[in-house]
Amino acid sequence: MSKHGGSEVFRITGARQGLTDDVRGRQRRYVISMTVRTLSVIAAAVLWNVERHVAIVALALGILLPYIAVVIANAGRESTPSLPSTFVPTPTRPALEAREAPEDAAAEPPHGRN
């Protein structure tokens, strides 16, 4: 394993969701919204002569839900998560401390020099 001096390191947790996963999620939300819309229109038709107030609410939901579903489906990709920073700085190595000479060594001349 070689070390690269000065290279940037990225964390995968900071990566955005893949494009295919994003599209699949938006399609799933749209299908769920349209299923709820279909059920609310059917409920409005069935309840029209039984419970008119509930039928009107269900019909209003059936009318408004397609617009809301399209806006949500076309909202685009999510923004990058604000988890830990995607950049991990290179750790700094602590400097070695200078060794102090013992007191006895300072008084004696080095060997071989008299």
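In which helix is Ala-60 found? Ala-60 sits in helix H2, and the points below build up the picture around it.

1. What you are looking at. This is a predicted model, in which local features need pLDDT of at least 70, side-chain atom pairs count only at pLDDT 80 or more, and totals for chains, interfaces and linings use all residues. Residues are numbered from 1 along each chain as its sequence is written, and side-chain values use heavy atoms, with hydrogens and water left out.

2. The overall plan. The protein chain has three helices and two strands, and along the sequence they follow the pattern β-α-α-β-α. Here helices (H or I, at least four residues) and strands (E, at least two) are DSSP runs, numbered from the N terminus.

3. Surface and interior. Of the 114 residues of the protein chain, 12% count as buried. Buried means under 20% relative accessible area, exposed means over 50%, and partly exposed lies in between (1.4 Å probe, protein chains only). The protein chain exposes about 10,100 Å², and carbon and sulfur atoms supply 62% of that area. Accessible areas come from the Shrake-Rupley method with a 1.4 Å probe; for residues, only the protein chains shown count as cover.

4. Contacts along the chain. Take the contacts between residues at least 6 apart in sequence: 78% of them join residues at least 24 apart. A contact means heavy atoms within 4.5 Å.

5. How H1 and H2 meet. Helix H1 covers residues 19-47, and helix H2 covers residues 52-73. Their axes come within 8 Å and cross at roughly 160°; axes are lines fitted to C-alpha atoms, for helices over the stretch in contact, and angles run from 0 to 180 degrees between N-to-C directions. H1 and H2 are therefore roughly antiparallel to each other (angles under 35 degrees count as roughly parallel, over 145 as roughly antiparallel, 65 to 115 as roughly perpendicular and the rest as oblique). The crossing is left-handed, a word used if the near helix is turned anticlockwise from the far one by less than a right angle, with right-handed used if clockwise.

6. Residues to click on. Ser-40 belongs to helix H1 and is buried, with a relative accessible area of 7%. Leaving aside residues up to four places away in sequence, Ser-40 touches Ala-58, Leu-61 and Gly-62. Back to Ala-60: at 36% relative accessibility, Ala-60 counts as partly exposed. The C-alpha atoms of Ala-60 and Ala-44 are 16 residues apart along the chain and separated by 9.1 Å.

7. The salt bridges. How many salt bridges does a search of the whole structure find? The search finds two, where a salt bridge is a side-chain nitrogen of Lys or Arg within 4 Å of a carboxyl oxygen of Asp or Glu. One joins the side chains of Arg-24 and Asp-21 (3.0 Å, N to O). These two are three residues apart in helix H1, so about one helical turn separates them. Arg-24 is partly exposed at 45% relative accessibility, and Asp-21 is partly exposed at 35%.

8. The other pair. The side chains of Arg-26 and Asp-22 also meet in a salt bridge (3.3 Å, N to O). Arg-26 and Asp-22 are four residues apart in helix H1, so they too are separated by about one helical turn.
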